[in-house]
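Subject: Structure handover

Hello,

Here is the structure for your files. Please open it alongside this note.

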Amino acid sequence: MKTFKRIDKICSAVELAKNEFYDRQIVVADIATDHGYIAEKLSKKSFVKEVVATDISAKSLNKLEKLIEFRKLSHINCVLGDGLAPIDHADVSVIAGIGGYEIIKMLNCQNINSDFERKCDVFVLQPAQNVNELREYIIKNKIFMLKDFIIYDEDRFYPIIVINLSKKQRNKLSIFNVWLGRDNQVSEPDFVAFLYETMEYLSFLNDIPKKRIFKDKVLKQKYKLKKLVNKLLNRRELC
Ligand SMILES: C[S@@+](CC[C@H](N)C(=O)[O-])C[C@H]1O[C@@H](n2cnc3c(N)ncnc32)[C@H](O)[C@@H]1O
């Protein structure tokens with residue numbers, strides 16, 4: 001996915017995390033690197049000391065190895081393996097372009113509910129699917145969320161979530177926080193575009209009798225979401 005805006009925003013989120021949690025250069029892990037464009041961009045940032053790029057597939061990792069050779073990149077260390085298993089330590093880890101459940105599995109390996117030393121505390125997450133399930137996991141485990149926002153790039157929406165496992169925070173398990181992302185604002189064009197797309201997706205509810213909607217847990221949730229999205233779009237029009 002050579003999505004430049006997405007990659008830029010992921011790198012900006014890493015910088016945001018660095019400024020919030022560290023006052024020195026940092027080691028960044030790019031988990032599931034594949035083509036390595038995120039690792040490449042990060043390796044050129046002055047606040048990054050080193051990038052450790054991992055992938056479970058040797059074929060995928062080889063793409064980055066070739067890129068390093070072709071573009072004569074430095075400060076990137078490629079390691080083969082599952083999730084964070086092949087790394088010793090990172091200050092910030094990026095996990096982008098893989099599913100929410102796979103990300104949850106990787107976080108679960110990091111002792112999220114104990115003070116045992118972890119390989120990494122701070123994560124920049126960009127799930128490719130199941131973002132709601134990932135948000136529910138973060139909120140239910142009271143994981144500190146620095147930022148949760150959405151961007152639009154190349155015909156797709158990408159949520160980006162920054163968390164710190166060493167800090168605790170209570171966030172409400174609300175429809176807004178789970179479905180729309182805690183920090184999104186109606187003043188942001190990408191979020192407004194996302195609201196319109198969500199509204200379009202929810203339009204199937206118009207053809208279902210209310211009685212049926214209220215008998216079904218999932219449909220009822222979606223109905224509540226539709227009302228909320230409608231309210232947000234109206235509020236935006238008033239601005
Ligand atoms: C769509 S690419 C994502 C590339 C890049 N992170 C991005 O966001 O542009 C998915 C990559 O994840 C790798 N992958 C999948 N499961 C993994 C795991 N458990 N550990 C490490 N890499 C994994 C795959 O081999 C593939 O190269």
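Below is what came out of the analysis, from the whole chain down to single residues.

**Ground rules**

This is a predicted model, so local features need pLDDT of at least 70 and side-chain atom pairs count only at pLDDT 80 or more, while totals for chains, interfaces and linings use all residues. Residues are numbered from 1 along each chain as its sequence is written.

**Whole chain**

The chain has nine helices and seven strands. Helices (H or I, at least four residues) and strands (E, at least two) are DSSP runs, numbered from the N terminus. The C-alpha trace spans about 60 × 40 × 35 Å along its principal axes. The radius of gyration, taken over C-alpha atoms, is 19 Å; a compact globule of 239 residues would have one near 18 Å, so the two agree. The globule rule is 2.2 Å times the number of residues to the power 0.38.

Of the 239 residues, 34% count as buried. Buried means that 20 or more other C-beta atoms lie within 10 Å of the residue's own; exposed means 12 or fewer, and partly exposed is in between, with C-beta atoms placed from the backbone.

Two residues are in contact if their C-beta atoms, placed from the backbone, lie within 7 Å. Take the contacts between residues at least 6 apart in sequence: 71% of them join residues at least 24 apart.

**Domains**

The assignment gives domain 1 (4-171) and domain 2 (189-238). These bounds come from an automatic or database domain assignment. Over C-alpha atoms, the domain centres are 31 Å apart. Four residues of domain 1 are in contact with four residues of domain 2. On the domain 1 side, strand E6 (residues 143-153) gives the largest share, three residues.

**The core**

Which residues have the most contacts inside the largest nonpolar core? They are Val14, Val28, Val94, Ile95, Val124 and Ile163, in a core of 57 residues. Strand E7 (residues 156-168) supplies the largest share, six residues. Domain 1 and domain 2 each contribute at least three residues. A nonpolar core here is a set of buried Ala, Val, Leu, Ile, Met, Phe, Trp, Tyr and Cys residues joined through C-beta atoms within 7 Å. In soluble globular proteins, nonpolar side chains tend to be buried together.

Two of these core residues deserve a look.

- Val28 lies in strand E1 (residues 26-31). Val28 is buried, with 30 other C-beta atoms within 10 Å. Leaving out residues up to four places away in sequence, Val28 touches Val14, Leu42, Val48, Val51, Ala90, Asp91, Val92 and Val94. From Val28 to Lys167 is 139 residues in sequence and 19 Å in space, C-alpha to C-alpha.
- Ile95 touches Ile31, Ala32, Ile103, Met106, Phe123 and Leu125, again not counting residues up to four places away in sequence.

**A helix pair**

Helix H4 (residues 100-108) packs with helix H5 (residues 131-140) at an angle of about 30°, and their axes are 8 Å apart. Axes are lines fitted to C-alpha atoms, for helices over the stretch in contact, and angles run from 0 to 180 degrees between N-to-C directions. H4 and H5 are therefore roughly parallel. Angles under 35 degrees count as roughly parallel, over 145 as roughly antiparallel, 65 to 115 as roughly perpendicular and the rest as oblique. Gly100, Tyr101, Ile103 and Ile104 in H4 meet Val131, Glu133, Leu134 and Tyr137 in H5.

Glu102 is also in H4. Glu102 counts as partly exposed, with 18 C-beta neighbours inside 10 Å.

**Two lysines with positive phi**

- Lys72 has a phi of about 50°, although it is not a glycine. Lys72 lies in the loop between helix H3 (58-71) and strand E3 (76-80). Lys72 is exposed, with 6 C-beta neighbours inside 10 Å.
- Lys142 has a phi of about 55°, and is not a glycine either. Lys142 lies in the loop between H5 and E6. Lys142 is partly exposed, with 14 C-beta neighbours inside 10 Å.

**Leu225**

Leu225 is in helix H9 (residues 217-238). Is Leu225 buried or exposed? Leu225 is buried, with 20 other C-beta atoms within 10 Å. Beyond its neighbours within four places in sequence, Leu225 is in contact with Ile175, Trp179 and Leu202. Leu225 and Ile175 are 50 residues apart along the chain, and their C-alpha atoms are separated by 6.5 Å.

Best wishes
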